[in-house]
Amino acid sequence: MQRSEPDSGDSPTVLLLAGEASGDHHGAGVARALRRRLPNARLLGLGGPLMQREGVELLAGLDELAVMGFAEIVGRLEFFRDLERRITSLVWSTDLVIAIDYPGFNMRIARVAHDAGRPVLYYIAPKVWASRPGRAKRLAAVTDRVAVIFPFEVEILEAAGATVDYVGNPLLDRPDDVVDAATFHETWGLDPARPILAILPGSRKQEIERHLGLFLQAVDLVRRSRPDVQPVISRAATLPRALYRDVGCPVVDDTRALLRHARAGLVKSGTSTLEAALEGTPFVVAYRMSPLSWQIVKRVLRVKNVSLANLVAGADIVPELLQDDAVPEGLAEALSPLLDDESPEHRKQVDGLSKIRGLLGTPGASERVAELGIGLLQLRA
């Protein structure tokens with residue numbers, strides 16, 4: 001049966017697909033930029049509260065979408081199959097698909113949209129430089145444009161045949177509206193005379209379950225030699241406070257201010273490592289996943305480092321302790337010297353982190369992505 005082409009005119013339908021907290025943040029920026037340029041556009045898709053506030057009609061939320069690891073996905077297969085069927089049916093009435101990260105799901109939708117003749121813009125490309133080199137060619141085959149947020153990705157994806165634009169990193173788009181140290185300490189009941197150790201265990205429930213207890217054990221070891229240190233936990237806005245019950249230390253909602261005013265941090269691998277780097281806060285990276293997922297990752301991992309801070313810098317700036325190496329004793333040993341702002345380890349890391357901002361270019365990522373999307377709509381009109 002022949003499907004009819006939608007008449008986009010000045011009221012296009014744009015499908016935005018994000019599946020994690022970071023994608024919700026980046027998707028919200030793109031949605032805001034699109035609404036400024038196309039006020040009559042209909043925006044729908046997957047995401048979280050930030051995208052919803054920018055006018056995106058959500059078909060599923062982050063609490064349903066955010067799963068971590070290969071093994072964990074198995075128990076949610078039926079949900080994702082049903083969701084994929086729903087999104088696939090919508091593709092036919094869509095004028096543009098903007099996939100935001102979340103590659104396991106979004107790559108399949110991109111294929112469907114491409115086969116249906118709908119333009120596809122992929123924002124925050126799958127990490128083909130880390131694993132699965134064949135995915136780069138598949139990405140090139142199912143997209144019209146790929147908007148990347150790290151400069152080193154351009155050459156890799158162009159070699160695979162993709163049309164690639166470096167749009168800058170969306171973290172640079174944030175206004176510098178961080179509260180000062182005095183206000184931060186007063187707001188959260190902290191002692192300004194004691195150094196803060198920022199604890200960032202993750203933005204997904206499964207990450208909290210795997211990291212929070214481990215991180216707190218490491219903190220206990222650190223405080224044996226540094227009883228003056230006050231650990232402070234960052235809570236992602238998408239997670240319930242109940243997950244942090246009885247942790248024995250303050251839990252704050254302002255991650256950026258926490259990082260800026262902390263002496264050092266213990267950070268799970270992911271976007272938060274780049275956030276810490278941009279705030280100039282020395283930190284240790286850690287990550288754990290299920291044993292099955294780790295065995296799969298080890299076989300496909302193609303890079304020496306996993307921290308975005310190290311990858312962008314092209315150097316070993318921050319310590320990385322992954323899976324079996326992520327134990328309380330090892331984390332505490334790596335953290336302790338960073339809490340002394342006169343130590344060689346602290347000073348060396350601060351110097352290395354200071355170079356990262358310059359490597360990321362200039363602000364304006366969301367606007368550039370919206371501009372690319374509008375260009376694809378105009379080509380199709």
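**Entry 1, ground rules.** I am working with a predicted model, in which local features need pLDDT of at least 70, side-chain atom pairs count only at pLDDT 80 or more, and totals for chains, interfaces and linings use all residues. Residues are numbered from 1 along each chain as its sequence is written, and side-chain values use heavy atoms, with hydrogens and water left out.

I looked up the strand order and found an open sheet of 6 strands, arranged 10-9-8-11-12-13 with parallel pairing. Strands here are DSSP runs of E with at least two residues, helices are runs of H or I with at least four residues, and both are numbered from the N terminus; two strands pair if DSSP finds at least two bridges between them. Because strand 10 (251-252) and strand 13 (320-322) each have a single partner strand, they stand at the edges, with one side of each left without a neighbour in the sheet.

Which strands does helix 15 lie across? I found that helix 15 (residues 328-335) lies across strand 8 (196-200), strand 11 (264-268), strand 12 and strand 13, and runs at about 160° to strand 12. The angle is taken from 0 to 180 degrees between N-to-C directions, with axes fitted to C-alpha atoms, for helices over the stretch in contact, where contact means heavy atoms within 4.5 Å.

A nonpolar core is a set of buried Ala, Val, Leu, Ile, Met, Phe, Trp, Tyr and Cys residues joined through side-chain atoms within 4.5 Å; buried means under 20% relative accessible area, exposed over 50%, and partly exposed in between, with a 1.4 Å probe and protein chains only. The largest core has 60 residues, and Leu-34 and Phe-283 are among those with the most contacts inside it. Helix 18 (residues 365-380) gives the most to this core, with 7 residues. Apart from this core I found another, of 30 residues, including Tyr-244 and Leu-331.

My search of the whole structure gave 2 aromatic pairs, meaning rings of Phe, Tyr and Trp (its six-membered ring) with centres within 6.5 Å, called stacked with planes under 30 degrees apart, edge-to-face over 60 and tilted for the rest. Tyr-102 and Phe-105 form a tilted pair, 6.2 Å centre to centre with 40° between the planes. Phe-150 and Phe-152 are stacked, at 5.7 Å and 10°; Phe-150 is buried at 5%, whereas Phe-152 is partly exposed at 26%.
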